[in-house]
Every structure is written in C-alpha cells, then in structure tokens.
Amino acid sequence: MATSATTDHVLAPAKSHSLLADYATLFKLRVSTMVIITAGAGFYLGSLRSGISPFHAGLLQALAGIAVVTCGSSALNQALERKTDSLMRRTASRPMAAGRISLTHGLILGFAAIFLGSLYLAYTTNLLTGTLTLLTAIGYVAIYTPLKRVTTINTFIGAFPGALPPLIGWTAARGIIEWPGVALFAILFVWQFPHFMAIGWMYRDDYARAGIRLTPNLPNTQYAAQSTVIQALFYAVLMIPASLWPAALHTTGYFYAVAATILGTGYLWYTIRFARILRNPDSDSSRLVARDLLRASVIYLPLLLAAMMLDAKGRLLF
C-alpha cells in the first residue's frame, strides 16, 4: 500500500539505532497508522452499507493485509531513495540511508511484504481488494517515487495511490467499487494538497538539496510561493464540496454535513492564513504558518472521518 504523496515526510522518527527502531523507521509506522485508520473507516462504512457489523474477523484480516503491504511499500521507497535521503537532514539517519540496513535486506523485506500482503488480501477478502492494493503499491514505488526527481507533477501523480486506502477498505467490505467508496477516495485525494504544500514549504531547502522537484522549491522563490498558495487554496476550497459528497450519497446524515462544513471552513481558514508566505517567502514566519497548516490538516482528517463514522447510515450490529 502506498503511504501517501503527502504524509511520508511529516515527522522524523526518534533517533535510535536498535534493529527494532530501524524497522519502525523503515516501515514508517506513523504513516502506516494513518493508512490503517483511513482504510478502517472505509471498511466500517462499507460494512454498514451491507447491513452487517464491521466488528468481525474480516476487519482484522483486511487491516493486517493492508498494513503489511504499506510497510513493504515504505521499505522499497526507502531503498530507492537511500541516496536522496542521505542528503536531507531530516532523513539522513534513516537505516538504509545511513547503511544500518543493507539494500538487499530492504529489498527482500519490501518485495516479500507487498507480494505476501496482496496475496493474503486476495485470499481473505476478495480479488479486487488484493489487486487494488498491489496496484497502489506499484503506483507509489514504481511511478511516484522515481518521478520525484523528474517533475513537480509527481505530487499530483502521488496523490492517487495516497488516496486509495479508504476505497480499498470499502472494497474489502463490499467486494465492488461503488460511488460512496469513490467519494472517500476523492476526500483523501483533495485533502493531500494543502497538507503537502505546507510540508513542501517547510522543508523546501532540504528537498532542493536532495534534488526532489516540488512547486515550493522552484528556482524563483516568489513564483514558487504564489504557485504553492494557489494550489493549496484551490484544493482547500474544493475540500468542502468533496467532503459533503458522502452526505449527498446518503452514506451519512445531516450531522456529518454540518460537521464537514465547519471542519472544511476551518481547513480553508488555515490555508488562507498560509498565504502569508507571499509577504516574505524566505522568513522564518513563513515556515511557522506552513507548520500551522500542517497541524490543522493532520487534525482535520481524523475528525472528519470520525464524524462520518458516527453519523453513518446503516445497521450497527455487535
């Protein structure tokens, strides 16, 4: 499973050199946890649509398979980016970048986790879920990761695998792709852009040093700031109607619609505030407002999913 185009650079792991800690870093456990949460939300909503309890062995099986593939994708991502990671202060201590885990070690773990996790999902859930999960991993590792050094469009391309976990959770519960699952995909897809523009701006010097091409580190700083703000604002505005789509599809009720509107307005407000980077793009204050937007995005998504699950329509059986 892809972690995300946007969430795999948020927080650097604690600096410890034990093998267990290195594995935690290699598998990006914090990011993987977010993937599991969003996939779990999709499974929960899909189960309610089927009129069955989401709390059964199928939930654990689906999340276990998704988690294994996510960890494998993270390992292969770091294998491909080990030299790039060594050039950035935030990632130089990662186990493969620092040489504590060998390339062969990382590749074996990554390929085995992706293959076995996808196979497990196909067997325990359904073929569609296993296939989608495998394609997501391929998109993240084989397409998005190499593009990061080629074109700034990598952010848009990477948002596709990054948005698939809740749809995969839905297909694990339902066995088919349906509009409510697509709506969950759309929410994650749109959410990523203000989130990642904030990260990109905070660490644009680090990304530039490693040769990673992003809108925030375009050569003309003022133009980079303008383009970054425009993209963040466009998607923050789009986030409001996208987040209301589940209510329009009658997956949720009015409570969720109100909560989504309030949360979306707050997300937009922080994005508008992020536009202060235009005043002085090179100042420390510009990074502070970027950090505030990042924090708001990380708070926004779990609250939105919680409101969706609390107000989901369907029979909740225990």
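Predicted model: local features only at pLDDT ≥ 70, side-chain atom pairs only at ≥ 80, totals over all residues.
Reader: How is a pair of aromatic rings described?

Author: Two quantities are used: the distance of the centres and the angle of the planes. A search of the whole structure finds 16 aromatic pairs. One of the pairs joins Y44 and F55, whose ring centres are 6.1 Å apart and whose planes stand at 70°, so this pair is edge-to-face.

Reader: In which parts of the structure do Y44 and F55 lie?

Author: Y44 belongs to helix 2 (residues 29-50), whereas F55 is in the loop between helix 2 and helix 3 (57-80); the pair therefore ties together parts that are 11 residues apart in sequence. As to accessibility, Y44 counts as buried at 12%, while F55 is partly exposed, with a relative accessible area of 48%.

Reader: What are the distance and the angle for the rings of F196 and Y207?

Author: The centres of these rings are 6.4 Å apart and the planes are at 55°, so the pair is tilted. Because F196 lies in helix 9 (residues 179-202) and Y207 in helix 10 (residues 204-209), this pair ties together parts that are 11 residues apart in sequence.

Reader: Which residues form one aromatic cluster?

Author: The cluster consists of F156, F160, F185, F189, F193, F234 and Y235.

Reader: Which residue lies over the face of Y203?

Author: R90 does so, at 4.0 Å from the ring centre. A further case is R204, whose charged end sits over the ring of W201, 4.1 Å from the centre of that ring.

Reader: What is phi of H250 near, and where is H250 found?

Author: Phi of H250 is near 65°, a positive value in a residue other than glycine. H250 is located in the loop between helix 11 (221-248) and helix 12 (254-274). H250 is exposed, its relative accessible area being 55%.

Reader: Turning to the surface, which residues form a nonpolar patch there?

Author: L103, L107 and F111 form such a patch, with about 260 Å² of accessible area together. L107 is found in helix 5 (residues 103-124), and at 30% relative accessibility L107 counts as partly exposed.

Reader: How many residues of helix 7 are buried?

Author: In helix 7 (residues 154-163), 7 of the 10 residues are buried, so this helix is largely enclosed by the rest of the structure. The buried residues are N154, T155, G158, A159, P161, G162 and A163.

Reader: What covers the buried residues of helix 7?

Author: The cover includes helix 6 (127-147), helix 8 (165-174) and helix 9.

Conventions:
Residues numbered from 1 in each chain as written. Heavy atoms only, no water. Phe/Tyr/Trp six-rings, centres within 6.5 Å; stacked < 30°, edge-to-face > 60°. Helix = DSSP H or I, 4+ residues; strand = E, 2+ residues; numbered from the N terminus. Buried < 20%, exposed > 50% of the residue type's maximum accessible area, 1.4 Å probe, protein only. Lys NZ or Arg CZ within 6 Å of the ring centre and 35° of its normal. Patch = residues over 30% accessible without salt bridge, like charges linked within 9 Å, V, L, I, M, F, W, Y side chains within 5 Å. Areas by Shrake-Rupley, 256 points an atom, 1.4 Å probe, with all protein chains shown as cover. Salt bridge = Lys/Arg side-chain N within 4 Å of Asp/Glu carboxyl O. Contact = heavy atoms within 4.5 Å.
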